[in-house]
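Have the sequence and the 3D view at hand as you read.

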Amino acid sequence: MAGLSLFSMPSSGNSYKVRLMLSFLGLNYEHISCENGSDALADAKASGNAPMGKLPALHLPDGQILSESNAILCYLAQGTSWLPDDGLEQARMLSWMFFEQNRHEPIIAVRASLRTYPERAHLATPARMAELLDSGYAVLALMEDHLADNTWFAGQQASVADIALYAYTHTAGSRGGYDMTRFPNISAWVSRIAAMPNYVGLDDIP
Ligand SMILES: N[C@@H](CCC(=O)N[C@@H](CS)C(=O)NCC(=O)O)C(=O)O
């Protein structure tokens, strides 16, 4: 797939999902960096390059633009082993991806953002941080339980659900302040993903 461009926010897990997928698939792309609060981000929104007002936004060779990180993952993975063929496994993959957006990202990523971005620091009240810690542990416990009996989140090999969940889970300790020693199955899964060929880290910006 030649001629792909990605408008992405370097520090964001949602954008990182797509950078990781593109790297795993060995696809070249132009990276347009739009960090939080930057003029580049404002320009991307104003110019229509981020039509849903958020990043990532993947620009396809024919000029069409795709928004929403998990939808982009599903698009890029078509015809590869990252998207299970079996209908039930595909549905299980989607259920973990909806879980990621509805229950995981709004807690794990939000707590990390309150600790990371200075302009959000005033929202990090002790009560809010404590609530996000408790609810985050409950979300991580669901993943931990699943990984007690499964190597991956759907099917017998890594799927886009693993990429979606990996993005904010692998920094839940360092950025979010969660004690990840409580979750040995998650830690082993994080290591499995990081050991895969063509892996790139959050800070490996093209
Ligand atoms: N559900 C969306 C969320 C995207 C999103 O919230 N992006 C944030 C960065 S993590 C963003 O673009 N923020 C810029 C802004 O709101 O101005 C996805 O998964 O792509």
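What follows covers helix packing and then some local backbone features.

Please keep in mind that this is a predicted model.

**Helix pairs**

Two packed helices are described by the angle between their axes and the distance between the axes.

| Helix pair | Angle between axes | Axis distance |
|---|---|---|
| α1 and α6 | roughly 135° | within 8 Å |
| α3 and α4 | about 155° | 10 Å |
| α1 and α3 | about 10° | 9 Å |

Let us begin with helix α1 (residues 13-24) and helix α6 (residues 160-169), whose axes cross at roughly 135°. Angles over 145 degrees count as roughly antiparallel and 65 to 115 as roughly perpendicular, so α1 and α6 are oblique to each other. The crossing of α1 past α6 is right-handed. On the α1 side, the contact involves G13, N14, Y16, K17, L20, M21 and F24, and these meet V160, I163, A164, Y166, A167 and Y168 of α6. Sorted by class, this contact has 10 nonpolar, 2 polar and 1 charged residues.

Helix α1 also packs with α3, at an angle of about 10°. Angles under 35 degrees count as roughly parallel, and α1 and α3 are therefore roughly parallel to each other. Here N14, K17, V18, M21 and L22 of α1 meet S69, N70, I72, L73, L76 and A77 of α3. The classes in this contact are 7 nonpolar, 3 polar and 1 charged residues.

How do α3 and α4 run relative to each other, roughly parallel or roughly antiparallel? With an angle of about 155° between helix α3 (residues 69-77) and α4, the pair is roughly antiparallel. Their crossing is right-handed. From α3, the residues S69, N70, L73 and C74 take part, and from α4 the partners are M93, L94, M97, E100 and Q101. This contact divides into 5 nonpolar, 3 polar and 1 charged residues.

**Along helix α4**

Helix α4 spans residues 87-116 and has a kink of about 55° at H104, shortly before the proline P106. At the start of α4, a side-chain oxygen of D86 comes to within 3.1 Å of the backbone nitrogen of L88.

**Two loops to inspect**

Which residues are joined by a cis peptide bond? The bond links L55 and P56, with omega at about 15°. P56 belongs to the loop between α2 (39-46) and β3 (57-59).

The other loop holds E68, placed between β4 (65-67) and α3. Although E68 is not a glycine, its phi is positive, at about 75°.

Key: Residues are numbered from 1 along each chain as its sequence is written. This is a predicted model: local features need pLDDT of at least 70, side-chain atom pairs count only at pLDDT 80 or more; totals for chains, interfaces and linings use all residues. Side-chain values use heavy atoms; hydrogens and water are left out. The bend at a residue is the angle between axes fitted to the seven residues ending there and the seven starting there. Helices (H or I, at least four residues) and strands (E, at least two) are DSSP runs, numbered from the N terminus. A polar contact is a pair of N or O atoms within 3.5 Å; within protein, one must be able to donate a hydrogen and the other to accept it, and residues adjacent in sequence count only if both atoms are side-chain atoms. Axes are lines fitted to C-alpha atoms, for helices over the stretch in contact, and angles run from 0 to 180 degrees between N-to-C directions. A crossing is left-handed if the near helix is turned anticlockwise from the far one by less than a right angle, and right-handed if clockwise. Contact means heavy atoms within 4.5 Å. Ala, Val, Leu, Ile, Met, Phe, Trp, Tyr, Cys and Pro count as nonpolar, Asp, Glu, Lys and Arg as charged, and the others, Gly among them, as polar.
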